Amino acid sequence: MNEQESAVVLQEIQHLRQRCGDERQLAAMDDLAAMLEQCVATPGSCLWFAGD
């Protein structure tokens with residue numbers, strides 16, 4: 001996803017955090033938010049996901 005798409009997802013992170021059931025899930029959301037923030041702050045960047 002590009003920086004514009006990352007910005008949209010970043011806005012949804014808070015809602016997703018409320019649905020997390022444990023600390024591992026919250027930590028994963030925090031890690032994702034950090035990557036999204038970096039993508040948003042870097043024009044022309046993309047965030048790629050590998051796997052299912």
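Helices (H or I, at least four residues) and strands (E, at least two) are DSSP runs, numbered from the N terminus. By that rule the protein has 2 helices and 0 strands. T42 sits in the segment after α2.

This is a predicted model, in which local features need pLDDT of at least 70, side-chain atom pairs count only at pLDDT 80 or more, and totals for chains, interfaces and linings use all residues.

**Overall picture**

The C-alpha trace spans about 35 × 25 × 15 Å along its principal axes. The protein has 52 residues, and 23% of them are buried. Buried means under 20% relative accessible area, exposed means over 50%, and partly exposed lies in between (1.4 Å probe, protein chains only). A contact means heavy atoms within 4.5 Å. Among contacts with a separation of 6 or more, 57% join residues 24 or more positions apart.

**Helix α2**

Helix α2 covers residues 23-40. It has 18 residues and reaches 25 Å from its first C-alpha to its last. That is close to the 26 Å expected at 1.5 Å a residue. The expected span is 1.5 Å times one less than the number of residues.

Which residues of α2 are buried? They are L26, M29, L32, A33, L36 and C39. Seen down the axis of α2, the buried residues fall within an arc of 135 degrees, so they line one face of the helix. The arc is taken from the directions from the helix axis to the C-beta atoms. These buried residues pack against α1. The face turned away from the buried side carries the exposed residues E23, R24, D31 and Q38.

D22 caps the N-terminal end of α2. A side-chain oxygen of D22 lies 3.0 Å from the backbone nitrogen of R24. A polar contact is a pair of N or O atoms within 3.5 Å; within protein, one must be able to donate a hydrogen and the other to accept it, and residues adjacent in sequence count only if both atoms are side-chain atoms.

**The nonpolar core**

A nonpolar core is a set of buried Ala, Val, Leu, Ile, Met, Phe, Trp, Tyr and Cys residues joined through side-chain atoms within 4.5 Å. The largest one has 9 residues: I13, C20, L26, M29, L32, A33, L36, C39 and L47. Helix α2 gives the most to this core, with 6 residues. In soluble globular proteins, nonpolar side chains tend to be buried together.

Several of the residues discussed here have these accessibilities.

| Residue | Relative accessible area | Class |
|---|---|---|
| L36 | 0% | buried |
| S6 | 0% | buried |
| C39 | 4% | buried |
| L47 | 12% | buried |
| T42 | 37% | partly exposed |
| C46 | 47% | partly exposed |

**Contacts across the chain**

The contacts named next leave aside neighbours within four places in sequence. L36 belongs to helix α2. L36 is in contact with M1, S6, V9, L10, I13 and L47. A33 is in contact with L10 and I13.

S6 lies in helix α1, residues 3-18. Its partners are M1, L36, C39, V40 and L47. L47 is found in the segment after α2. L47 touches M1, S6, M35, L36 and C39.

L36 and D22 are 14 residues apart along the chain, and their C-alpha atoms are separated by 21 Å. L47 and D31 are 16 residues apart along the chain, with 13 Å between their C-alpha atoms. For T42 and N2, 40 residues apart along the chain, the separation is 9.7 Å.

**Cysteines**

How many disulfides does the structure hold? It holds 0. A disulfide is a pair of cysteine sulfur atoms within 2.5 Å.

Notes:
Residues numbered from 1 in each chain as written. Heavy atoms only, no water.
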